[in-house]
Amino acid sequence: MSPELTVLLAVGLPLVGTLLIVALGRWPNLRDGVTVVTSLAVFSLVASLLPAVLAGRVVEAQLGLNLIPGVPVAFRVEPLGMVYALVASLLWIPNSVYAFGYMRGNHEKHQTRFFACFPVAIASAVGIAFAENIFTMFLFYEVLTFSTVPLVTHKGSSDAMRSGRVYLGVLLTTSVCLQLFAVLWIYVLYRQGVLPGIGFVRGGLFGNALAAGAVSAQMLGLLFFLYIYGIGKSALMPMHKWLPAAMVAPTPVSAFLHAVAVVKAGVFCVVKVIVYVFGVETLRLSGQSAWLVYVSGGTILAASLIALFQDNLKKRLAYSTISQLSYVIMAAALLTPVAIMAATVHIIAHALGKITLFFAAGSVYTAAHKTQVSQLDGIGRRMPWTMAAFTIGALSMIGVPPVVGFISKWTLLRGVVESAQLGGTRAEELFALCVIALSTLLNAGYFAPIIYRAFFRPPSPEDEHHPHGEAPVSMVFALCTTAGLVLLFFVWPRALLTLGAAVMEAAT
Amino acid sequence: MELIQLHLPALIVVLPLVTGLLTALLGRGGRGWWISLGATGAVLAATLQLLAQVVYQGPQTVTYLMGNWPMPYGIGYVVDPLNAAVMATVALIGFVVTLYAGRSMAPEISPDRARYFWAVWQFCLVGLLGITITGDAFNFYVLLEISSLSTYTLIAMGHGRDRRALTAAIHYLVLGTIGACCYLVGIAYLYMVTGSLNFADIHARLADIYATWATDAPVYKKTIIAGFAFIMVGLSLKLALFPLHVWQPNAYTYAPAAVSALLAGTATKVGAYGMIRIVYSVMGTDFAFTFLRSDILLAACALMAILVGSLQAIKQTNAKKLLAYSSVGQIGYIALGIAANNVAGLQAAVIHIFNHALTKGAMFMALGCVLYRTGGVRLEHLRGLGRKMPLTCAAFLVGGMGLIGVPLTSGFVSKWYLVQSALERQWLAPAGVVLVGSILALVYVGRCAEAMYFGQRPENSPEVREAPLSMLVPTLLLAAASLYFGIDSGTTSRVSEAAAKFLLGVAP
C-alpha cells in the first residue's frame, strides 16, 4: 500500500467505523467488536508510516476537497505529528477495551452514540497530527471539538449540560475568535506576498519577512499570542476551565480524550505552531515569546496548588493534567532543540501516566462507587491491581525513577541547561528550574496522600457492609497494560528518545 | 426555442406576472399552487441558464431591450454575473418554498383566499426578480413597490393565526413606503443632474460631473450627495440594515410560515443587491467610498447590526423572532462585505446572500414544520422534538451550524472571505467582530438545539410526529444544499469571483 493511501486511510477508516457502529447498534457485541478492529487497524496504519518518517522520507497526501479554493486540505507526515498520532491511536486500543467494561458495568445509556463519537474524535486527531497547513489543522481541530461535545454531555443531566456549555463555549470561542483570526491573518499575508505560504515548513514561515521588515516584531508577537490562546485545548490558564468541567463525562472519555487525544492535540498544536509556523530561531530572535515561559510556569504551579485542595478524584486529576500540559508548553517556549525534544517526550510520558490514573479512578468508581479522595481509605487491599497501577501512574506524574515520567523530566532539565548555554536571559531558565522543583514537590503533595490512604489506612467501618473486589476484568486488563507501558519506557527509553531526536532534527 | 432564448430575460419577469393574474382569476382549489409551482420552476430554469451563460460561457453581459427601444431611452434589462447570481438565488428559494408552501399554508390561510395568496405570492417574485434584472432606475422603483406591496399583503395574511400580523404589516407598510419614497427622491435628484434614468447612463454622466469637482468650478456636488444619501436610506430600509431594521422582526415572526421563509431568503437579499448596484455600478466607489467615506458609516452600521441583532436574538423566547433578529445580524455581514470595497469583500457579500438564503430558508421552513405539528414556535414547543421530528430538527441544526459558520457548512465559506477582506483592508477590529458574531450565533442556535435535543416534551402535550413529506423534502433540500456548498465551494466561489471582478473592473 502506498504511503499516501495509508495516510488517507488512517483519517478515513475511523469514520467508516462510526458508520458501522451506528448500523450495528442493536447488537452490542458486534458493535464493540467494530471498535476494537478499527482501533487496531488505525494503529497499524499509523505505525506502518513510522519507518518512512524516521528515514526522513516525505509522505504527503491531499484530500480532493474544495472547501475554500486555493486552500488545500492536505497532509504531510513529519516526526512531531507522528508522535502525536502514535500516542493517540495506540492508547485508543486499551481505552476501547476499558470502555466496554466501564459502560456495561455502570449500565450507561445511549452506548451506541457514545461509541460512535469516539472514532470521529480519533479521525480528527490523526487529521490534526498529519495536517500539512494551518487551515487543515484548524479544520480537524474544530471537528475534534464538536465530536467530543456529545461525550461530555453524555449523561444529559443539568450538570452535564452546564459543563457541555462551558466546554463548547471556551473551546469554540478561543478557536474561532483567536485561532481562526490568526489563520486568516497569515493567509492574507501569504496572499499579499509577505509570507511564503500557509503550510508547516521547517524553520517556520516568518524568518525572511521579519528580517526584511515586512512583518514587525510586534505583529509577530500579536499573531503568536492569538495562536497560543487560540489553541484552547492546551488548557493554558486562564483558558483552562473547560477541562475540569469536562470531568462530568464518563471516565473513558476523561481518560482517553481529556488526558490524551484532546488535550494532547492542544499542546501538540502549540509545539507544531512554534516549530513550523513561527520557527524556533525566529521566535528567539524576536524575543516575542518570553511571556509564554512565565505564563506556562505560572499555570504549572497554580494548577498544582488547586489540585492539592480537590477532594473529587477526577477533578484532582484534571488539575494535574492542566499543570502537566503546561510542562510541554514551557518546554517548547524555551526554544532550544533539546527542550523541543523534552516537549515531545513529555507528550508521550504524560499520556501514558495520566490515562492509567484515570483508568484507575474509573475502576474505583465502577467497583466501589467512590468518587472522592477522602473515601479511598484502605481501598488498596480490595483493589490491589488498580491501586498498584495508580501508584505507577502517580510516580510518573511526580517524575521519579523507575517510571517514564523521569525520562521526560530529565530531558526537560537538559533543555533548560541548554537554553542557558545558548545565551538565554538566565531569568527564564532560573524561573523554569524553580517551577520544576516546586511542582515536583506539589505533585508529590497531591498524589502521596491518595496512595497513603489506599494502602496504609484501614477501611472505614461502613465500607465493611459493602464488600467489593476488583473492577471488571477488561478494565483491570486495560489499566495494567498502560501501567506496564509506563514502566517499559523507563527501561527502554531509546524508543522515546529516538522519536524525540527525530523531532528535534526536523525542528531546527 | 431560439425565440425563448432570445426573450429569456423578459420572460423571467413577465411569466410570473401573467401566471399571477391567471391565478387570481382561475386559481380555485389547488390550482393556484400548481400554477405557482410551474411558474417558479420555469423561472428557476431560466435564471440558471442565464447564470451559466454570463459566468461560464460569456459574454459577461446580456442586454434585453423592452420593445426594442434603445437604452437610455427605453427600459433595458441587463444581466451580468452579479444579478444573475442574485436572481438564481431568488428563483431557487422561490421554487423550493413554493413546493413547501402548498401544504404549510393550508392551516393558516382559508381556502377561499388561497388563490389571492398565490397570486400575490407570484407578484412578490415578479417584483424581486424585476428589481434584480432591470437596468433602469425608475423601473427599479416600480418593481420595488410591487414587491413591497405584495409583501405587506403576504405578511398580513398571517392574521388567521395571530392578529399581530396585521400590526406588523402596517408597521412595515409605513416604513417600507418611506423607504421607497426616499429611493424615489434620490433618483429624482440624480435625474435632475444627469437627465437620465438608465443606471449605466447615469454612471457615465456622473463621471463627467465628478471630473469638474477637481477643478475650480465644481457642479451639483450637494445635489448628488443628497441624492446618494436618500437612495442609501431607502435601500437600507428594504435591506433591514441596522438601525432601520425595526420593521423586520415582527414582520417575519407573524407572517405565515412559508412567507417568512420566502422573505428571509429573498427580500432583504434583493435590497443588498440594490445597494451593491447603486454603490458600485451607478455612483462609483470613488465617489461613495473614497470621496464621501461612506464605507466607514456603512461598516459601522454593519458591525452594530451584527452585535445588536445577535444579542437581541439571544434574548428571544420565540424561535421565529430569534431567527428574525439573527437575520438582522446576518445582513450586517453582507453590508460589511459591501463596505470592504475589495474582491474578497464583494465575494463574501455575494456568497453570503446565497448562503444565508439557503440556511435561513431551511431554518424558517423547519420552524414551519414545527408550527404545523405542534401549533407554536416558542422555545418550549421545540423541547424534546429531536426524537419526535428528527429530520426537521436535523435540518434546523444544519442551518444553525451555517449561521455559526462551522467549517463544512456554507456559512464558513462566506465568513472566511469576509474576514479575509477585512484583514486585507487592515480592519482588525471589524474582523474580530465578525468572529465574535459567530460565537453569539452559537449561543442562540445552541438555545434552540438544547431545547430540541436535551429538553423533555412538556407535560400533557399532544403526541407529535415527523412533518409531512411535502414540507420535509423542500426543507431538507435547502439544508443539504447548505452542506454541499460548504464542502465544495468551487461553484459559489467561481460565480462570486466573476461578480466581484466584474463590479470592480478587474480582469477575470
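**Exercise 1.** Which residues have the most contacts inside the largest nonpolar core, and how many residues does that core have?

*Solution.* Keep in mind that this is a predicted model. Begin with the size: the largest nonpolar core has 409 residues. Next, pick out those with the most contacts inside it: A:Val87, A:Val271, A:Ala332 and A:Ile340 from chain A, together with B:Leu129, B:Ile155 and B:Ala335 from chain B. Now take B:Ile155 as an example. Leaving aside residues up to four places away in sequence, B:Ile155 touches B:Ala165, B:Ala168, B:Ala169, B:Tyr172, B:Ala251, B:Tyr254, B:Ala255 and B:Val259.

**Exercise 2.** Describe the side of chain B that touches chain A.

*Solution.* Start with the counts: 19 residues of chain A are in contact with 22 residues of chain B. Then find the elements of chain B that give two or more residues to this side: helix 19 (410–424), helix 20 (428–454) and helix 22 (490–504). Helix 20 of chain B gives the most, with 9 residues.

**Exercise 3.** Work out how helix 2 (residues 28–48) and helix 5 (residues 111–130) of chain A are oriented to each other.

*Solution.* First, read the geometry: the two helices pack at an angle of about 10 degrees, and their axes are 11 Å apart. Angles under 35 degrees count as roughly parallel, so helix 2 and helix 5 of chain A are roughly parallel to each other. Next, look at the contact itself. Among the residues that meet are A:Thr38, A:Val42 and A:Val46 in helix 2 of chain A, and A:Phe115, A:Ile122 and A:Val126 in helix 5 of chain A. The contact's residues divide into 7 nonpolar, 4 polar and 2 charged.

Technical notes:
Residues are numbered from 1 along each chain as its sequence is written. Chains are lettered from A and ligands numbered from 1 in the order in which they are written. This is a predicted model: local features need pLDDT of at least 70, side-chain atom pairs count only at pLDDT 80 or more; totals for chains, interfaces and linings use all residues. A nonpolar core is a set of buried Ala, Val, Leu, Ile, Met, Phe, Trp, Tyr and Cys residues joined through C-beta atoms within 7 Å. A residue is buried if 20 or more other C-beta atoms lie within 10 Å of its own, exposed if 12 or fewer, and partly exposed in between; C-beta atoms are placed from the backbone. Two residues are in contact if their C-beta atoms, placed from the backbone, lie within 7 Å. Helices (H or I, at least four residues) and strands (E, at least two) are DSSP runs, numbered from the N terminus. Axes are lines fitted to C-alpha atoms, for helices over the stretch in contact, and angles run from 0 to 180 degrees between N-to-C directions. Angles under 35 degrees count as roughly parallel, over 145 as roughly antiparallel, 65 to 115 as roughly perpendicular and the rest as oblique. Ala, Val, Leu, Ile, Met, Phe, Trp, Tyr, Cys and Pro count as nonpolar, Asp, Glu, Lys and Arg as charged, and the others, Gly among them, as polar.
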